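Here is a briefing on a two-chain model. Look at the sequence and the structure first, then read the points below.

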Amino acid sequence: MTAHLAISNLHVTLDRQGRAVRVIDDLSLEIQEGEIVGMVGESGSGKTMTALAVLQLLPRRARLSGSIRLAGQELLDLPESELRQIRGARVGMVFQEPVAALNPVFTVGSQLLAAIRAHQELSRTDARARAIELLGNVGLPEPELRLRQYPHQLSGGMCQRAMIAMALASGARLLICDEPTTSLDVTIQDEIVRLIRRLAVQSGIAVLFISHDLGLVSRLCHRVAVVYAGQVVEAGPTRTLLESPMHPYTKALLRCVPNLHDVGTVRRGIPGTPPLPGAMPAGCRFRPRCEFATSACEAPQDLEAMAADHLVRCVRALELAGAGEPAAARP
Amino acid sequence: MTSPVRTPRAEVDGRAAPGVPAGGDSLLSIRDLTVTYGLRSRHAVRAVAGVSLDVKAGRTLALIGESGSGKSSIARAVCGLAPVESGTITMDGHELTGAADRPAAAGQRGIQIVFQDPVSALDPRWSVWRSIAEPLTRYVASADERRERAMVLLERVGLDRSFGVRHPHQLSGGQRQRVTIARALAPAPKLVILDEAVSALDVSVRNEILVLLDDLKREEGLTYLLISHDMGAVAQMATDIAVMYLGKVVESGEAVRVIREPAHPYTDALLASVPTVSGDIVDPSFRPRGEIGDTAHPPAGCRYHPRCPMAVDRCAAEEPLMRVVRSRLTACHRAEETATAKLGGAQ
């Protein structure tokens, strides 16, 4: 079976004041139809860059190498005119601030109709019927009223539903969600997450879900890739990552996830800050913040298969597998 | 005049026990507080409607609830930054709402606030030490001394002295938040209001700031009023929790009780929505319907009833009063049933 989206050995290099800065390093990722794959990491880890690379919306003079295949078609070779047909029509994108992503001076309806008619030849009446159907699909109550309303008349959660409707307006089979719930309340976040899950399960849409919240991702995604400083450091089925994480960074992130059974204990975060692109430490990029770092970590680390579907970029992964909680492992 | 700045306590031994006994006196006492924006306009919005709360010395009270619940309005009213229609706010025995200059009165009685966004909270043109020392200008005449105290505070929040001469844009988000915390500590406050102070930070950095706040609380003898929608931070920091919905407190009590066995269906729903990796703590059948109502036009009866899966006719007709149920206060007609209803739903 070929994956709906297959990214392999992607490298992205940006031009920063004449200096080439590599922001994504050898990233590979596959998403099947109906599958939700989470990409987790801190700010600056390259999550959004990956999303923009798929749509090729990177800044001018960004250099990409590797391969990005959508339903078998290589995207990196395509001319701009064909890419425009892919964006929107075959790949939908949902961003963080739904209210900011909508144009405040146009009604939700006119923006949604524009999205529908951009890639499909439909009469106004048919497009309107399709818009109402789409808004119903994303669980927006009173869709006909919403079409006449302006973004400020909708709550953040409703705007995000409208954005998802817009992203899927032209029948896109790949949905990229970049922190779609970060600005929303937890109760609304929960509803958006369940909507995305329903879209994937019922309509077979492939979803790339980008978030800094491992708890959220684990609630939603089938598989998870943990990224750090532009590299995948661990990837595998969600259950595997939650139950037997092997990279010290994944373990540390898990420690930061809310645990409502453990009230009143303040848990440590991860000391230090991620390295900046262009100033990557030699060898393992997590080494300066890692409590398990040894001289072996000074060499570049490879992403190695620990099990059939479990990849880890850590030379000490096997050795540490029995070490349990990182905080307790070393004096 | 006594110095408003305490010496750093790093060398002082004998740290206070975390959390003063529950019977301790209230440091901050809020009675029947009503906050109304646009009071004299036709579109007055009552963001807080008759709330009473107590924050005891040495404890951390967390206010939780969705956007529009009124939690930030309470924080702002305490600092003198939101219009109080009625009610009283008493800090350390002094009434604050009658003061001519309410923000100054709050500062004088030892209240400081740390906001969510450390980027806009710092003047981009000022060096870090100048921002930290700014609250000291009226107490400490010598600029050299103010600078020295700012440097001590920098170390206190885990930053090197060399950060003092930097500017905000040269700092990471976590470092900036450390600077705003140092500034809040400068006038030696008793109560620090943390208004979503860690919400904008990455998870790894967020927990580092929580560790710092926890250390500062014990070592400086601080009391916190924590406003947060981040239930992870709340579970780690809070000793007490008050849950707000549309301007009212619907449940309040010790953090352990409220989180482990919520009595109000709304508390339950909020906790159920928190993405944890340790499995669902609450039955999903308790999820609320729809979204938070309009603060300007709250529903009659229990304000949560239109969304509540447990609502009965009485909930629409009669506003529930706060009463003690299972060792905490809650305002729900059916609070006695929530524990058993949940067990039934899980099967």
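A residue counts as buried if 20 or more other C-beta atoms lie within 10 Å of its own, as exposed if 12 or fewer do, and as partly exposed in between, with C-beta atoms placed from the backbone. By that count β9 of chain A is mostly covered: six of its six residues are buried. The model is predicted, so to speak of local features pLDDT must be at least 70, side-chain atom pairs count only at pLDDT 80 or more, and totals for chains, interfaces and linings use all residues. Residues are numbered from 1 along each chain as its sequence is written, while chains are lettered from A and ligands numbered from 1 in the order in which they are written.

- Helices (H or I, at least four residues) and strands (E, at least two) are DSSP runs, numbered from the N terminus.
- Two strands pair if DSSP finds at least two bridges between them.
- Eight strands of chain A form an open sheet with mixed pairing, in the order β6-β7-β8-β3-β9-β10-β12-β11.
- The edges are β6 (91–94) and β11 (304–307) of chain A; each has a single partner strand, so one side of each is left without a neighbour in the sheet.
- From one strand to the next, the twist averages 20 degrees. Axes are lines fitted to C-alpha atoms, for helices over the stretch in contact, and angles run from 0 to 180 degrees between N-to-C directions.

**Around β9 of chain A**

- β3(A) (residues 36–40) and β9(A) (residues 223–228) run parallel and are joined by four bridges. A:Gly38 stands opposite A:Val224 there.
- Helix α11(A) packs on this sheet and touches β3, β9 and β10 (231–237) of chain A. Its direction makes about 105 degrees with that of β9(A).
- A:Arg223, A:Ala225 and A:Val227 point one way from β9(A). A:Val224, A:Val226 and A:Tyr228 point the other way, and all are buried.
- β9(A) also pairs with β10(A), in the antiparallel sense, over six bridges. The bridge partner of A:Arg223 in β10(A) is A:Pro237.
- Two residues lie between the strands in the hairpin of β9(A) and β10(A), where A:Ala229 takes a positive phi near 50 degrees.

**Four-stranded sheet of chain A**

- Four strands of chain A form an open antiparallel sheet in the order β2-β1-β4-β5.
- β2 and β5 (73–74) of chain A stand at its edges; each has a single partner strand, so one side of each is left without a neighbour in the sheet.
- β1(A) (residues 5–16) and β2(A) (residues 19–31) run antiparallel, with nine bridges between them. A:Arg16 stands opposite A:Arg19 in β2(A).
- The hairpin of β1(A) and β2(A) has two residues between the strands, and A:Gln17 takes a positive phi near 50 degrees.
- β4(A) (residues 63–70) pairs with β5(A) over two bridges, in the antiparallel sense. A:Leu70 stands opposite A:Gln73 in β5(A).
- Helix α1(A) (residues 47–55) lies across β1, β2 and β4 of chain A, and runs at about 80 degrees to β2(A).

**Contact between the chains**

- Two residues are in contact if their C-beta atoms, placed from the backbone, lie within 7 Å.
- In this model, 35 residues of chain B are in contact with 37 residues of chain A.
- α7, α8 (231–237), α9 (255–260) and α10 (265–272) of chain B each supply at least two residues of the side that touches chain A. α7(B) gives the most, with nine residues.
- That side of chain B has 18 nonpolar, eleven polar and six charged residues. Here Ala, Val, Leu, Ile, Met, Phe, Trp, Tyr, Cys and Pro count as nonpolar, Asp, Glu, Lys and Arg as charged, and the others, Gly among them, as polar.

**Helix pair across the chains**

- α11(A) (residues 248–256) and α7(B) (residues 203–220) pack at an angle of about 55 degrees, with their axes 9 Å apart.
- α11(A) and α7(B) are therefore oblique to each other. Angles under 35 degrees count as roughly parallel, over 145 as roughly antiparallel, 65 to 115 as roughly perpendicular and the rest as oblique.
- A:Ala252, A:Leu253 and A:Cys256 in α11(A) meet B:Val203, B:Ser204 and B:Asn207 in α7(B). By class, this contact has four nonpolar, two polar and no charged residues.

**Chain B overall**

- Chain B has twelve helices and twelve strands.
- Of its 347 residues, 51% are buried.
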